[in-house]
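Good morning, colleagues. I would ask you to look at the model on the screen while I go through its metal sites and its helix packing.

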Amino acid sequence: MKKLLKILMFIVLALVIVIGITAAVINAQDLPTYEVEKIEYTASADSAGLARGKKFVTLLCAGCHLNTETGTLSGKRMEDAPEFGDLYAQNITNDKEFGIGDWTDGEILYLLRTGVLPNGRYAPPYMAKLPHMSDEDLNNIIAFLRSDDELVKATNTADQPCEPSFLTKALCRVAFKPLPFPNQPIKTPAAGDKLALGKYLTINLDCWTCHSPSFEKLNVMEPEKTPGFLSGGNQSLYDKDRNQVVSLNITPDKETGIGNWTEEQFIKATKYGILPEGHTLQFPMEPYTELTDEEAAAIFTYLKTVPAISNKVERVIYD
Ligand code: HEC
Ligand code: HEC
């Protein structure tokens, strides 16, 4: 008996040592690297395309990369997800030394599709990826980043490197992997196809990530297969100054979702954060003032078609 106990003790000890060593090794290493596919490609867009690129960059990138002191996308410290490390959205202005002025358009494209940087290092999920954006809109975004717009004017602010936490490093070894580079064209919805436009915006503007119950269960490549798609209750949105505001159910369920809302009410809530009963929507639900009424209405049209899920989420009000 004693001998058996000794053997067991030995096994447990050995396991603890192995786990300890693995953890130490992961922690000492940088994030994993991957092979980079070289993409021959040059972005170009007319003024309408550049305007569309700017709109997406304002909606999707500025939240992290805009530095209010320089007024450009010269980057800043990210404070709302400390569990992932000490993070800095980098300088993505046209500065050749400090920004991405020396990147090729193909390198930017590859990063935005897959999450892999030109040096092969994987950029963890705290840096946005755009697997569902149409080729045309991604081209508009990259052309805009390359333009002479004030937002991307070369700014000589040096980057501070990110220091990802052990959690981030461990997750990047097991759970978070680069996304596949698309092997067929991704098209922009045809003009006038309201439902397709609404789906396109709901997916690409990331409404579905916050509004589905948990970030861990997102089906990144097939968003509509995410458990509880758009039914709210995501509590992992950390608000440093206050507390936890929970995302709400925006499926067409009449009792717990937005099944009884009018299109007008929805547009007001999405664009200006104003609710039918007079509350104002709180961080992290930012008003989408960049959207036209037609675009917000298209999102509403799409939301009316997704499966209604009964999921009562208590609204948290701090005001
Ligand atoms: C949630 C915050 C966040 C959003 C949104 C975001 N980024 Fe980033 N971005 C980061 C962080 C953090 C890094 C640094 C990642 C790293 O080095 O691991 C980064 C890195 C980059 C880099 C690499 C820069 C370099 O010098 O290494 C580029 C290019 C970039 N982002 C472009 C974009 C574009 C374009 C968008 C919008 C489509 C965007 N980012 C949206 C946080 C964000
Ligand atoms: C960063 C996370 C996040 C993103 C992205 C996001 N939302 Fe929200 N949304 C929230 C949170 C959190 C609330 C609840 C805010 C509150 O209670 O004050 C909310 C509330 C709402 C409401 C109000 C629902 C109600 O019952 O009062 C609507 C409508 C809405 N969001 C639509 C959208 C649409 C459309 C998009 C995409 C264009 C979107 N949201 C993107 C987090 C997000």
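Which arrangement do the six donor atoms around the iron atom of ligand 2 make? The arrangement is octahedral, because these six atoms subtend angles of 87 to 179°. Donors here are N, O and S atoms within 2.8 Å of the metal (3.2 Å for Na, K and Ca), and since water is not among the atoms, sites may look incomplete. Six donors count as octahedral if opposite donors are over 155 degrees apart and all others between 65 and 115.

Before going on, a word on conventions. This is a predicted model, in which local features need pLDDT of at least 70 and side-chain atom pairs count only at pLDDT 80 or more, while totals for chains, interfaces and linings use all residues. Residues are numbered from 1 along each chain as its sequence is written, chains are lettered from A and ligands numbered from 1 in the order in which they are written, and side-chain values use heavy atoms, with hydrogens and water left out.

From the protein, the iron atom of ligand 2 receives His211 (NE2) and Met285 (SD), at 2.0 to 2.2 Å. This pair links distant parts of the chain: His211 belongs to helix 8 (residues 207-211), whereas Met285 sits in the loop between helix 9 (263-272) and helix 10, 74 residues apart. Helices (H or I, at least four residues) and strands (E, at least two) are DSSP runs, numbered from the N terminus. His211 counts as buried because its relative accessibility is 13%, and Met285, at 25%, counts as partly exposed. Buried means under 20% relative accessible area, exposed over 50%, and partly exposed in between, with a 1.4 Å probe and protein chains only.

I turn now to ligand 1. Its iron atom has His65 (NE2) and Met127 (SD) as protein donors, 2.0 to 2.2 Å away. Here too the pair links distant parts of the chain, with His65 in helix 3 and Met127 in the loop between helix 4 (105-114) and helix 5, 62 residues apart.

Next, the packing of helices. Helix 7 and helix 10 meet at an angle of about 95°, their axes 7 Å apart. Axes are lines fitted to C-alpha atoms, for helices over the stretch in contact, and angles run from 0 to 180 degrees between N-to-C directions. The two helices are therefore roughly perpendicular, the class for angles of 65 to 115 degrees.

Helix 10 is largely enclosed by the rest of the structure, because eight of its eleven residues are buried. These include Ala296, Phe300 and Leu303, and the cover over the buried residues includes helix 2, helix 7 and helix 9. In helix 2 (residues 47-60), Gly49, Gly53, Lys55, Phe56, Val57 and Leu60 are buried. Their cover includes helix 3, helix 5, helix 7 and helix 10.

Finally, the chain overall. It comprises ten helices and three strands, and 41% of its 319 residues count as buried. Its C-alpha trace spans about 75 × 50 × 40 Å along the principal axes.

Note on methods: Expected span 1.5 Å × (residues − 1). Contact = heavy atoms within 4.5 Å. Parallel < 35°, antiparallel > 145°, perpendicular 65-115°, else oblique. Tetrahedral: all angles 85-135°; square planar, octahedral: opposite > 155°, others 65-115°.
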